[in-house]
Amino acid sequence: MSGQTPISPAKNFLAGGFGGMCLVIAGHPFDTIKVRLQTMSAPTNGMAPLYTGAFDCARKTLVNEGLRGFYKGMGTPIMMVTPNFALAFFGYGLGKTGISKLWPGEMTPIKMFFAGGFSGAMCTFLVCPVERIKCLLQIQAGSAPLPGQTVYAGPIDCGRQLLKTGGISSLYRGLGATFIRGIPQAGLYFMTYDVLKKAFAPADGTSLTPIRTLTAGGLTGIINWVFMLPADVIKSRIQTAPEGTYPKGFRDALRALLREDGPKGLFRGIVPVFVRAFPANAACFMGFEVAMKFLNWTAPSL
């Protein structure tokens, strides 16, 4: 993975899961703010918007819900992050192997992009229901019937209610939008990290220092979200909207967003996204690299 010697699926699973956990813990508060900004309704009849921006959203969340409010919906990604990131890193390795056979020669950035896109396609069916539940939990303070009430008691309860009321299709609402976002996002994500890791590599061929690994991972997150935020905004709106709001999926959601907010609506939540992107992704790749070194040291034959 990421320019390293191929590793076993077991090590990939463990190291990828650990890196993903690091990402979730470091970045979830910012993700909560992002989702709330992306999904809030447009103000009507001269009323003020629910949140005037990222800092206002953070302030109101802290005042009304305390620190726990920032970590709403984290149970689902934490529970799913190990297989998700294991599959993502494993899928990238498979993609690079397949690309090398079909397209021999140096692993160029475009080949890395296609390999990452393969990983994104593999992960979509796992990611979609996780993000559906996560987004619903993150916004439920504003969608509860009465102040102080909650719609869902937690991720398991949320999943159970979705299955009861809408079946498996309800869990997978936004699948198309998740594909549209996920394939290029994963392609750009892995390609960027590999390119930066190679650019930052010491001339003597030694491993990256921790600060260089953190920098490469953090910049990967920033660059990725610059291009992928609009698709993520639309996905979040589809997954949190009432049943039947967007019958044609991505296309209807895009048209409605542009009609209500204009092009700027595609970049809702940009402040928390960028504030989150560097530390969260730096933590992810640092966690992955550290876990991999630990596994190679403690269990070289695994």
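Is aspartate 56 buried or exposed? I looked it up: aspartate 56 is buried, at 13% relative accessible area. My cut-offs were under 20% for buried, over 50% for exposed and partly exposed in between, with a 1.4 Å probe and protein chains only.

**Ground rules**

I am working on a predicted model, where local features need pLDDT of at least 70, side-chain atom pairs count only at pLDDT 80 or more, and totals for chains, interfaces and linings use all residues. I number residues from 1 along each chain as its sequence is written, and side-chain values use heavy atoms, without hydrogens and water.

**Entry: salt bridges**

I searched the whole structure and got 17 salt bridges. For each I required a side-chain nitrogen of Lys or Arg within 4 Å of a carboxyl oxygen of Asp or Glu.

I began with aspartate 56. Its partner is arginine 59, with the closest N and O atoms 2.9 Å apart. Both residues sit in helix α2, 3 residues apart, about one turn of the helix. I take helices as DSSP runs of H or I, at least four residues, and strands as E runs of at least two, numbered from the N terminus. Arginine 59 is partly exposed at 47% relative accessibility, whereas aspartate 56 is buried.

Next I checked glutamate 65 and arginine 36. Their side chains form a salt bridge at 2.7 Å, N to O. Glutamate 65 belongs to helix α2 and arginine 36 to helix α1 (residues 9-39), so this pair ties together parts 29 residues apart in sequence. I read 23% relative accessible area for glutamate 65, which is partly exposed. Arginine 36 is buried, at 4%.

I then turned to arginine 268. It bridges to aspartate 261, and the closest N and O atoms are 2.8 Å apart. Arginine 268 counts as buried at 12% relative accessibility. Aspartate 261 counts as buried too, at 15%.

**Entry: a lysine without a bridge**

Which side chain of opposite charge is nearest to lysine 111? I found glutamate 106, 7.7 Å away. Lysine 111 is buried yet has no salt bridge. For charge I counted Lys and Arg as positive and Asp and Glu as negative, leaving out His and the chain ends. Lysine 111 is in helix α4 (residues 109-143). Beyond four places in sequence, I list its contacts as Ile99, Trp103, Pro104, Gly105 and Glu106. Contact here means heavy atoms within 4.5 Å.

**Entry: the nonpolar patch**

I looked for nonpolar surface and found a patch of about 950 Å². Its members are Phe55, Leu219, Ile223, Val226, Phe227, Phe267, Ile270, Val271, Phe274, Val275 and Phe278. Patch residues have over 30% relative accessible area and no salt bridge; like charges are joined within 9 Å, and nonpolar side chains (Val, Leu, Ile, Met, Phe, Trp, Tyr) within 5 Å. Areas come from the Shrake-Rupley method with a 1.4 Å probe, and for residues only the protein chains shown count as cover.

Which helix gives the largest share? I noted α10, with 5 residues. Helices α8 (210-240) and α10 (270-298) each supply at least two.

I checked two members. Phenylalanine 55 lies in helix α2 (residues 54-65) and is exposed, at 70% relative accessible area. Isoleucine 270 is in helix α10 and is partly exposed, at 32%. From isoleucine 270 to isoleucine 33 I read 10.0 Å, C-alpha to C-alpha, across 237 residues of sequence.

**Entry: threonine 240**

Threonine 240 is in helix α8. I read 16% relative accessibility, so threonine 240 counts as buried. A polar atom of its side chain lies 2.8 Å from the backbone oxygen of serine 236. Outside four places in sequence, threonine 240 contacts Thr39, Arg132, Cys135, Leu136 and Ile139.

Alanine 283 lies in helix α10. Leaving out residues up to four places away in sequence, I found that alanine 283 touches Gly19, Cys22 and Ala26.

Where is proline 202? I placed proline 202 in the loop between α7 (175-200) and α8. It is buried, at 17% relative accessible area. With the neighbours up to four places away left out, proline 202 touches Ser207, Leu208 and Arg212.

Technical notes. A polar contact is a pair of N or O atoms within 3.5 Å; within protein, one must be able to donate a hydrogen and the other to accept it, and residues adjacent in sequence count only if both atoms are side-chain atoms.
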